[in-house]
Amino acid sequence: MPTCRRKRVVLKEPSAELLKAVKSDPNRQVFYLHTTGEIFETYEEYAARMSFYRLRQFQCEVTGKSGLDYFQALDSERQEALTLHSRFPEPLKSAVLKAVQWRMYPATVLLHLLAKSQLEVVGRLDHLVEAVYDRFKDRYFKGEFVIVDLAGTKFQARVERVYPPKYSDANARDSFQETALNALEAEKPHSIGGDLKISLQESVDQDGPHNYYYWVKLLELEKDKGHEKGKGKASVDKPDGKLVGSLVEVQSAMMSRDRLAFSKSILRRFIRDCVDRDAAVASPWTVKPILAARYGVDSVMPEETRKGVEDIKKGEIDKRKKAWEDKEGPPSKKQKKMTAAQEEKAKAAAAAAEKKERDARDKAEKQRLAKEEAERLAAEKKKKKPIRYPTEDLDVRLTDKDKKAGVRLQRPVANRAILPFNEVPGVFEAFLMAWNFLVVYGQPLHLSVFTLDEFEQAIRHSISDLPCALLAEVHSTLVYNLRTVPFVRHSLLLSLLKHKEDQEQTDQEDDMPYGVSMDTLTTAMADVGNNWERVPLRFSEGREGWEEAVVGCLKDHANLTNFPQIRSILTKLLFAPEHDDDSGSAASGSRSASPSSTTLKVQASPRERYYCLSPEERVFILSFMCNLAISSKAIHTHMESCEEQLTALRKEKIEVNRLKKQHLEEMNNLMGEAKEEPSASNGTGEDVTMQDLSDLSDISEARPKSLGHSKEREAARAKQASIKQAMAEHRRLDEEVLKLDRRLEGIERDFRKLLGGVRVKPLGRDRFYNRIWWFDGMGAASLVGSGGMAQYGTGRIFIQGASEFDLDLLSQREEDNLEERRLEEEGEDGTLKSNEWAVYSDVEEVDDFLAWLNPKGQRELALKNTITRWLPHIAAGMKKRIMDLTSNAKNTDTRRSARTKAAGVDLSREPYMLWTNRKAINAS
């Protein structure tokens, strides 16, 4: 049976109500778990149990393998059991199981059972295995396969006959008749030696294994695994090989078993698989009923064993009773016999004393309990186990001390109103993901980088007379990319016709968006974009014809299932209003106009009608095309290249860190030497000064001293030179460390760029599982431009509300005031719904958000560390974006004031209109 945390898994029994339903309601629907045979009344119970079984916390009881689910552990146990039972000698199974049945004490205490009236329980399986192994290692049974050693030559053999000690005479064995074989088998060899009730020595004395004789049939020579190839065949030609097939008489000293069939480990696994033992005191080992019936093991407990179990239980009770009496104190001395009056008087006195004592005892008990309770509460308050941080974020609450210290309680409110296209659910997310795809995979798409603000302005561009190069390049590169993605020709047409058939079968009326019927739309579609996969969209020609190519691409890739808005979008692309005033209203791209409020009658070209699409519809088209382009070969090749470069960067980072550590160690050594040398030179300088100041009149004595002074000066100059050299080396190493630090920063930026080409991950999650995103510096974009100038893509930090899965995790927490806490710590305006987006656009907002994050929580600690690491680039990008927006606004006001006509702003000088694709291929 598989175990979970070292305890066997207990299967659930059917409830009493379900058992009654077998008779009262036999057709009742239940949920049945086939593997375990468990029955559940509700699906919730079944699913909960199945989820429990699927957890990887179970262990195979036979092999000890852990980290498995219940079914894997059960399958492992079954496979091991099959292997074990196939290897273990079949004739030995019955003898071993009979020997261990009802065993509860070692054989060494058997002689003392009657004298002591006490049994010693075999609580450990190892002791039982040792006893069984010692008994049966030299005892063999009929039908066993053994290894026989005949004068150094080993044979594989099978036991044919077993002669007990009474056949020790060779003549008796030779004269034994074949007709008496039944009588020989009925004697049950090793019946005394295999009995664990007697000691090992007694079993040897009464039924010694060395007194048995065995007739074995030699089957083949034992293969020596240590010999080289080719020698096994030569051994068959030996004279010993002629003995194969003959019947030989041997004793136990000449026999042995294969270690794969019989050893202590194999025996232990066999016994553990076949026997069981209750947890109660003095419970004996019992063979499982199904195996006991199969191998003829008695399943009724002998009277002697039962009596021994009762004696042990009684002894345990007496032992506990004696311990209790010793605790209460010795019994009082026996008093002399009193008269009736004395007895009456003594009883009254005893009753009064007993009442007084009982009252005093009750009072003392109450005082003691009150004191213990007070001490317990004080000890719990004093010795309360401290929480180890970081821990689960929702378990961290701000204390009054934190609030008094000025810790920020409420998260700064992120702005939702300034997000583009955020009025319609899901549009902003699709817009953001489309921009991220186009920027990250700018290299394989041959597309230059552009900011999110420029992309937004291009999406909102609605003047057909002033084409937008950014829109043309984005759509053209996606069309080129989707030519390599498999598609179904006329898939949209087939989907529309199938939808029409379904409407006719169900008698539904066609809603006719913008007043265009299904037949009219399919007719108009037939002549547009048919050659989209071959038409050249040349950069030098301004990508002329990209609108028709987009329509052709949608015709072959889209259908009503993967692009539900495709019919209304194509209707607006292929049809125009009848009057010019209607055309002007449609060109405004107002979201208030519904497909039924405007009627389109005149067939038009997509080139004229694209700028009449609303920004949301353009986002839908780009999002659909980007999702398809992910599966293209160029994108996959780029991902694999990014993976290879990431591996190279990891190796380079390890090498750079190693060099940096080596340089720092060398700098520390140089600093240590520099500190030691000045101290030594200072001491020498003092001696030199004292000697210079000495007034020596004897010239004969002055010469040796002057010579010593010159040597000291030379030593001092040498030390000074070495110090200068060490300082120069220290400065050189310091410069090398600075270079390595700059390289590590570059590696981090390159790592972020390449990782964005493989997968886009958020910076982290806060305590309420809101995801924090920063999209700058990924893929083809860079955080630092030429000359070290900061660059940005979005220049903002985005917050996405928790997913449905995370919200389920929050709801499972046993915290009643979770919603109140969210309102308190996020604010009513700051609480985000599932997958709802908001943004921080200013550095001060990011600083306030960092101050709100609590590093005691696991998620917020990781998030705070990540934001802090990238904060210089985040802040630089935000400031650069604000400067650009301010500069563009000033330029716009200047141009507007310089105009003499009220015709509007010159859009051709807007940043998104000045964008140029420097990565475009001229041939395309």
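I looked up Tyr133 and Phe262 and found both buried (under 20% relative accessible area with a 1.4 Å probe, protein chains only; exposed is over 50%, and partly exposed lies in between). The model is predicted, so I note that local features need pLDDT of at least 70 and side-chain atom pairs pLDDT 80 or more, while totals for chains, interfaces and linings use all residues. Residues are numbered from 1 along each chain as its sequence is written, and side-chain values use heavy atoms, with hydrogens and water left out.

Tyr133 and Phe262 form a stacked aromatic pair, 5.5 Å centre to centre with 15° between the planes. For pairing, ring centres of Phe, Tyr and Trp (its six-membered ring) lie within 6.5 Å; planes under 30 degrees apart are stacked, over 60 edge-to-face, and the rest tilted. Tyr133 lies in helix H6 and Phe262 in the loop between strand E10 and helix H11, so the pair ties together parts 129 residues apart in sequence. Helices (H or I, at least four residues) and strands (E, at least two) are DSSP runs, numbered from the N terminus.

I then turned to helix H30 (residues 818-826), where Leu818, Arg821, Arg822, Glu825 and Glu826 are buried. They share one side of H30 because they cover an arc of only 100° around the axis, taken from the directions from the helix axis to the C-beta atoms. The face turned away from that side carries the exposed Glu819 and Glu820. I recorded that the buried residues pack against helices H29 and H31 (contact: heavy atoms within 4.5 Å). Just after H30, Gly827 takes a positive phi of about 85°.
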